[in-house]
Amino acid sequence: MTWIWNNSPALPVVLLLPTAIAIPLFALIERRLARWLALAVSLTTVGLSILNLVKALSLGPIHYHMGGWPPPIGIEYVLDPLSAFVLLVINTIGFLVLVHAKKVVDREIPESGKHVPYYAVAVLMLCGFNGIVATGDFFNLYVWLEIASLSLYGLIAIGSRKAPVAAIRYLILGTIGACFYLLGLGFLFTMTGTLNMADLKAILPAVGHEPAVVIGLGLIVVGMGLKMALFPLHGWLPDSYTYAPSTSSALIAPIGTKVGAYVLIRVLFFIFGAAYVSRTIPVTTVIGWLAAAGILYGSIMAMAQTELKRMLAYSSIAQVGYIGLGIGLANPLGLIGAVLHVMNHAAMKALLFLAAGNFRAVLGHSDISRLDGSTRRRMPWTTAAFAVGALSMIGIPPLAGFFSKWYLALGAVAKKQWVFLAVILLSSLLNAVYFFRVIERIYFARAESTAAAPRTEASASMLVPVLVLAAALIGLGVLNAFIVKGVIGKIVTSAMF
Amino acid sequence: MTTSWKDIPVTKFLLGHYGYWFVFILMTLGFYGMVVKKNLVKKLIGMNIFQVAIIMFYLSSAGKWKATIPIVDPAIGTADTARYIDPLQHCLMLTAIVVGVATSGVAYALLITIYKRFGTLHEDELIERMKNDLDME
Amino acid sequence: MMRRDDDAIISLVSRTVSPFIMIFALYVIFHGHYSPGGGFQGGTMLAAALILVRLAAGSDLSQLQFPRSWATPLGSAGVLIYWGTGFVSMLCGGNFLNYAFLPVSGPPPHHRNLGILFIEVGVGLAVMGILTAIYDDLLEGHPRD
Amino acid sequence: MKAVNYAVLALFGAVLILGGLSLPDRGDPTAPLNRDKSAAGTPNAPSYYIRNPERDADTPNMVTVVLADYRGFDTMGEETVILTAGLICFLILRRERTKEKRR
């Protein structure tokens, strides 16, 4: 037990990696073992993340020195409240999606020989995300970022016929993003001589005025903006989400873009500090305005879509915009809103994409125009969960989605940014328009065939994660005050404004 | 101490920075390939040039005058760090090279799949053929 | 499309050169402590030796030298060796990858020396196996007509 | 669209040149990269990597020690990257083969 306690920061990554190798190995004995192994290790990481969050909240930031070398020499893993919190979100969503995966993978990836490597790559992707969030070293972050990105390209590419084209477009833009990150890091490293985040933060006052440092920061922000699909850099997103298998889009949409947002928050508010940023280049202001534009663009484009997954993809651009808006506000309330929205949006998007996966599995399509009253009769639970997710997305008060928007609006008021406030209100309206279009078809449109549709609800493995997420949205909304006070409050107090 | 031509500020700056300028030219060239070219293979070539340029950027920052390779030489000893070039960048760039190779491998695998399905690697033609191609899934 | 001329010179030269490349690659891996080199460089050369024969003799004939089905397992084994070295030191009380805790005799620098050797072998195997596997996969996916 | 691309390219080049101007000279012994202590008083990693590998790991090749010991976790990430690439090539291209066989 003390062994687990001592090594808990490193254990998620250390356990996920060999599992990716063990999955093909055990699948030789029995193919079904692949999924069970992936589930088991994913559940373990959820447990470890809870342990880490509790540790980080009660004992302060945990430092784990890889290889026993202290920070500037070796690589350290740091779990402060922010990274522990984001890790918990990522691992929980990853576990729920993997529970859901079985039937979807069986159906949407016809060749059974590919299921085993699919699970292995999914586990590697989770491994990469765990590494990105937990690391306290800039170059180590780049390595894990590449692992996660490569797995994402693979997970997208085995979707429908057009998926490889979407994947290669994502690959080219994603590699530009990663190269920008590496280049910016090169500038920072040449100016400071360190790769460790805490060390860099300490050295920064001595060299912060140099243009090379500022340009390094700018390049890193652009690179991460590409990874998180901030508005003008979102080109890869809609096609990738649409053509990928439902499981992949449910894995990528909630957590893939959030990691980029996490790195931005980490770099801007925990290493450089908002004051430094606003003194040198107005990165946060630019992010804020681009995010506001992205919110409107994503919402308007979502209204024009007829296919559910594509609509959710455009809605993702808008939702990432909310996180960007919180970063752009650069005040404590805005940061609360951004971090809260990382969690809320992860839960909402996972729920909606999983529900879309259920529609595809049962009805064979996810066209909005073909959903009607019979859908509700055939799948009462999935549609109810979908409605909860949609209402939360719009921002109906007791649900989780309302509160992140509330904090963002408070932040906008505190900063006297009335345009941002107007954008938040307007986009809620637009969200309502495009989600009510779906809800209206499900609940109020008369079924085209009057014949009583049989109840063909999705199977238990697909239904349970959806219902859990729907319950979680209500729970997170009700318990919102505790989360903000107990967890996010501690995150915000350690940020530098 | 004789003042050689190397100590004049302008030549000192040029000598100290010329490596960076060449690397930056290479980098812009690679970025040009990735952004402007329409053929996917050319984009990937641009990507490789970009990555190699970044690797050379790191390595050129590791260079020192009159220094030797980063292997301890008993004749020199390790007291004076100026006698060895920085080992850290070389280690980092080994990793970056592998990352580049892995990305290229995945990219070419994707290109092969695309070419088998659509018969072209030119972006505009690809978009055209994707429009005409009815997705049956 | 893949018309292959059985050119005696090409096949003979590549067959002769390949083992020598491998020997040199092993030297690069195992002498990486004292001279430029190490696991990655050696592994790449091993892969080059295998791919050279695959290029010259065609992918069917070269299966006699190194079967396609071995590549990915060997690569995974390499990664497992690396991970295992780290995990053993973790089990023996140190942090992950802290070779000073490896259960071997001698003072800590010697432990680290040995740990680095294990790691280099793992890296070499992984790079060799997976580069060859990627080459084979790309060839299989190649459109033939 | 083409004009935008070229504008982005020009901006990128300009930013690089601007950044390059303020970089320290290559090989400058007073550059932050080559000092013994950083500005904040913490030990500077590159200098440490030159002085201590023989004492710490009984190995004269500094790059090997940095690669496998001081920053060994990076190298494990590197292995994972290449493993991922291998698995993905397998994942993407295997289907093509089975399809061909079925025909």
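How many residues of chain B are in contact with chain D? In this predicted model, 42 residues of chain B are in contact with 42 residues of chain D, where contact means that the C-beta atoms, placed from the backbone, lie within 7 Å.

## Basis of the model

Residues are numbered from 1 along each chain as its sequence is written, and chains are lettered from A in the order in which they are written. Because the model is predicted, local features need pLDDT of at least 70 and side-chain atom pairs count only at pLDDT 80 or more, while totals for chains, interfaces and linings use all residues.

## Chain B against chain D

On the side of chain B that touches chain D, two or more residues each come from α1 (9-36), α2 (40-62) and α3 (87-118) of chain B. Helices here are DSSP runs (H or I, at least four residues), numbered from the N terminus. The largest share, 16 residues, belongs to α3(B).

By type, this side of chain B holds 25 nonpolar, 13 polar and 4 charged residues. Nonpolar covers Ala, Val, Leu, Ile, Met, Phe, Trp, Tyr, Cys and Pro; charged covers Asp, Glu, Lys and Arg; the others, Gly among them, are polar.

## Chain A against chain D

Here 45 residues from chain A meet 38 residues from chain D. At least two residues of the chain A side come from each of α5 (115-134), α6 (138-157), α7 (163-192), α8 (197-207) and α9 (211-228). α6(A) gives the largest share, 11 residues. The chain A side divides into 29 nonpolar, 11 polar and 5 charged residues.

## Confidence

The complex has an ipTM of 0.93 and a pTM of 0.93 from the predictor.

Notes
Two residues are in contact if their C-beta atoms, placed from the backbone, lie within 7 Å.
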